[in-house]
Amino acid sequence: MKDIASLIRDASVHSSLYADPAIFDREMETIFGQGWVYVGHASEIPRRGDYVRRTMGLEPVLLIRGADGIHVVANRCAHRGNLLCQPERGNRRTLACQYHGWIFSPDGALLDMPLSSIEPDESLHLKRARVDSYNGFVFATFNPSPIPLLEHLGHAARALDRQVNLSPEGEIELRGPWIKHLFRANWKMLSENEADGYHVGFVHDSFTKSVGTPGKYGNILSGEEDRITAVVRYLGNGHTELDYGPTYDRPMTWLGVDETRYPDYTRDMVGRHGESAAREIMRAGPPHTFIFPNLFLAETCLVMIQPLGVGETVNWHTPLYLKGAPEELNRRIMRQGEVALGPSSFLTADDAIIAERQWRALKGSPAWLDLSRGQSRETTTDGGVVVSHYTDETPNRGFWRCYRDTMAQTAQPTL
Ligand code: FES
């Protein structure tokens, strides 16, 4: 195993971090095996027994609601490893293995071993993760003594607050389908790209021109760099943000409409937050926030990043549903997600082409990669958030600092 710290400098990283299978395996043990990982939203499993299939790194897990709350357990029988639940989602009061009939409760406890003379004991329970949630967003970890979830989220918790604040009832749900797009590229290329404003004017040039807002989205090719007020932020703990907010000049422009179209919604929001805060929420719209290592909130869409292998990653995407908001507004959010992030959309399809080409090029030719843009003009707030022009590589540099520190940790025994 290479010394990973030696592959990360202040403003450059070595390409083997994307292409070396041994480093990928170590990431699965350390980042996805020991840290907090996003696994789903409470609204996906509203009734007792509801479950959805997810992964934590390469580990198949079930997010399942038991009588006593939400659990995350391995979707792999503790006997000889058979997959317990095959459908993507369903409702099961108990988890019965089809191979030899062992039965587990939703919290992973072994309840019965047919035709066996030994008593079920704890060593035969399903592998269980520690679970916590914030505003309904559920995270899990196999680390037996993790830092508190809120500490891990840090400044990124605001991004989850902003999402629920867009709902007149202060609640969001995941009701839409998940759209999945396979990228033949390393998972970190997707993670880094989420707060990379630098590429937007180039890779998404056709999109910004087609929606008629090249300046707003920052086509730096047009010489408008100094006029653009959008920013990037490094929030700490690997979390990053790209905030177009200051660029929008009218309420609701982030959805391509204005507030006059939704008078009742606007009234509800003002009643809930007060005039000025409501206008700020609606004016700015939620930024693009990446929560390390696998959650991305893109305005009103949610993206999960699922590594499959060193050069294979699945991008899961679904719209957020704002409870209490007009149905037409929620439909618009769904359409916006399809146009922006679906596999046949402008943005994801364009990003996939670049990521796949980049990964193939890096795989064959080891090199140091430059991340120095904007190094001399970033500023740090009192709270420790690093802010810079939205085309700067500030988020990348922060991401890699966190990555280096996380990978330096010794793997602990899992739960
Ligand atoms: Fe599940 Fe044997 S593998 S009961």
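Guide: The UniProt record, an unreviewed entry, places the feature "domain: Rieske" at residues 37-140. UniProt positions follow the numbering used here, feature names are shortened, and annotations may be inferred rather than shown by experiment. Residues are numbered from 1 along each chain as its sequence is written. The model is predicted: local features need pLDDT of at least 70, side-chain atom pairs count only at pLDDT 80 or more, and totals for chains, interfaces and linings use all residues.

Over residues 37-140 the chain is 43% strand and 0% helix, and the C-alpha atoms at its ends are 5 Å apart. Helices (H or I, at least four residues) and strands (E, at least two) are DSSP runs, numbered from the N terminus. The protein has 12 helices and 24 strands.

Within this stretch, take strands E5 and E6. Strand E5 (residues 59-66) runs antiparallel to E6, and six bridges join them; two strands pair if DSSP finds at least two bridges between them. Across the pair, Leu63 stands opposite Val72 in E6. Strand E6 (residues 69-74) is largely enclosed by the rest of the structure, because five of its six residues are buried. Buried means that 20 or more other C-beta atoms lie within 10 Å of the residue's own, exposed means 12 or fewer, and partly exposed is in between, with C-beta atoms placed from the backbone.

Leu63 also belongs to the largest nonpolar core, which has 90 residues; Val39, Val61 and Leu63 touch the most other members. Such a core is a set of buried Ala, Val, Leu, Ile, Met, Phe, Trp, Tyr and Cys residues joined through C-beta atoms within 7 Å. Strand E19 (residues 301-309) gives this core its largest share, five residues. At least three residues of the core come from each of domain 1 (36-142) and domain 2 (157-408), with bounds from an automatic or database domain assignment.

Leaving aside neighbours within four places in sequence, Val39 is in contact with Arg54, Met56, Val61, Leu63, Val72, Val138, Phe139 and Ala140. Contact means C-beta atoms, placed from the backbone, within 7 Å.

Between the domains, 11 residues of domain 1 are in contact with 14 residues of domain 2. On the domain 1 side, strand E3 (residues 37-41) supplies the largest share, three residues.

Terms used: Contact = placed C-beta atoms within 7 Å.
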